[in-house]
Amino acid sequence: AEFKDKRSRDMRRRLRSSAQLLFCLLPGLTVSSFGQTPAANSNATYQQLRHLLPTGDSAAVQDLTLRRDAAVFTFHSGSFAFYGAVNGKVTGAVFRGDGSLHLTPPTEPEKHSLSLLTKEPALDESFDVAVFRFTDDTAAEIQKAARGKDISDVSYTAPAQQFATALRTRLHWNLDARLLQDVLSPAPGGFFLASIDGRKIASKMVLEIDPHGAQDVAPEEVELMTWNENRTGVWAGFHTQDRLSAPGEAANDANDTCSIDHQDLETTIAKNGMLSGVAKTAIHAHANGLVVVPLDLYSTLRVSSVKTADDHALDFIQEAKDDDPDFAVILPRPLNADERMELRITYAGKDAVSNEGNGNYYLMSGARDRWYPSVDFSGVSSYATYHMVFHVPKGVDLVATGKLVKASSGGGSA
């Protein structure tokens, strides 16, 4: 069955319903095999980031103030040990000593929300240990204020390793893939993250500032969240000050690194729940220097190849499905704003499709807008078109959004 569809980016994000399908499966479908490509996660720069820890000398500081949007960090005394440079860029440091964080959200609703948790419209937390990851000028700012050098030891590497493990196995977020976007880009980066072991309010607290939208609150760029072994919680989420102070509706403008203009999706569904697909995806860059394209794909759908329109195989990132399986593609060259590139992504897997009984199968709730590679859009008033072809066993009734172009039967499938 062949369909065409057009959806707004905002509708896809908010309703999470684009290109959903309901189908009944019958015997007789064979899943195609896939060709050989570079192994997932084999990019050398990505592997550097993946195994990076603080090494070498550390920088001692006294009464250093570090301002990041609405957050003010004060390092009363202590030292920073820096992560090694990757592609000439330092992407993190671990602090040990006496530090504090003050955060006042810029909007009244966020102040009220925070006060429900802290009893105050602002957050004041102190800490002895903090892990920082960044692509902005944080390293240079700390080094400029340094009052001397110490020798770093395991007391710095252990918190870094613990946070990396938590990201992968507890928070399920591939921070290394996010850092790689800025490390490989010729454009300056602006990402900042602080993971704090709090003394008073929360033992595990993360502040993230991402100009392309913070992890859980995009399109808002600033997020404060806490976590423990049992749960995670967003305590505040808001736009950066420069977005809030911009004229008109600028704060609501899309801040994604890229969008998708059009997709050709050819999808095969088997009786055992195996879903396999080939997506021809037209990527549209929003800013200069796009090298790493972050895409959203259900974690059990495993990518076997990514190629350009001229059949050039590309590196891609997709860690184990139960860890931090964020999918991203590394382009052969940086794209400038408004440049486009077509990718051909081949993927397959089970568990995205649920057996509802009585011969009925349905997409799992988390896979309804992730059964094909997509961008987690945060903007509004932008559209993508879809041309979708489904191969299912003969006799199946298939329901999908869009306009039915044609349906045919043959070879044991419909």
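**Exercise 1.** Find which backbone nitrogen lies 3.2 Å from a polar atom of the Asn-174 side chain, and describe the setting of Asn-174.

*Solution.* Step 1: the nitrogen belongs to Asp-176. A polar contact is a pair of N or O atoms within 3.5 Å; within protein, one must be able to donate a hydrogen and the other to accept it, and residues adjacent in sequence count only if both atoms are side-chain atoms.
Step 2: Asn-174 sits in the loop between helix H5 (154-169) and helix H6 (175-184). Helices (H or I, at least four residues) and strands (E, at least two) are DSSP runs, numbered from the N terminus.
Step 3: with a relative accessible area of 1%, Asn-174 is buried. Buried means under 20% relative accessible area, exposed over 50%, partly exposed in between (1.4 Å probe, protein chains only).
Step 4: not counting residues up to four places away in sequence, Asn-174 touches Tyr-46, Arg-50, Ile-317, Glu-319, Asp-324 and Asp-326, where contact means heavy atoms within 4.5 Å.

The model is predicted: local features need pLDDT of at least 70 and side-chain atom pairs count only at pLDDT 80 or more, while totals for chains, interfaces and linings use all residues. Residues are numbered from 1 along each chain as its sequence is written, and side-chain values use heavy atoms, with hydrogens and water left out.

**Exercise 2.** Locate the backbone exceptions at Pro-219, Asp-63 and Asp-311.

*Solution.* Step 1: most residues other than glycine have a negative phi, and most peptide bonds are trans.
Step 2: the bond joining Ala-218 and Pro-219 is cis, with omega about 15°. Pro-219 lies in the loop between strand S9 (205-209) and strand S10 (222-227).
Step 3: Asp-63 has a positive phi of about 50°. Asp-63 belongs to strand S3 (residues 54-68) and is exposed, at 52% relative accessible area.
Step 4: phi of Asp-311 is positive too, near 75°. Asp-311 is in the loop between strand S15 (302-308) and strand S16 (316-317) and is partly exposed, at 45%.

**Exercise 3.** Classify the ring pair of Tyr-372 and Tyr-386.

*Solution.* Step 1: the structure holds 15 aromatic pairs. Rings of Phe, Tyr and Trp (its six-membered ring) pair if their centres lie within 6.5 Å; planes under 30 degrees apart count as stacked, over 60 as edge-to-face and the rest as tilted.
Step 2: the centres of Tyr-372 and Tyr-386 are 5.6 Å apart and the planes are at 80°, so the pair is edge-to-face.
Step 3: Tyr-372 is in the loop between strand S20 (360-363) and strand S21 (383-391) and Tyr-386 in strand S21, so the pair ties together parts 14 residues apart in sequence.
Step 4: Tyr-372 is buried at 1% relative accessibility, and Tyr-386 is buried at 3%.
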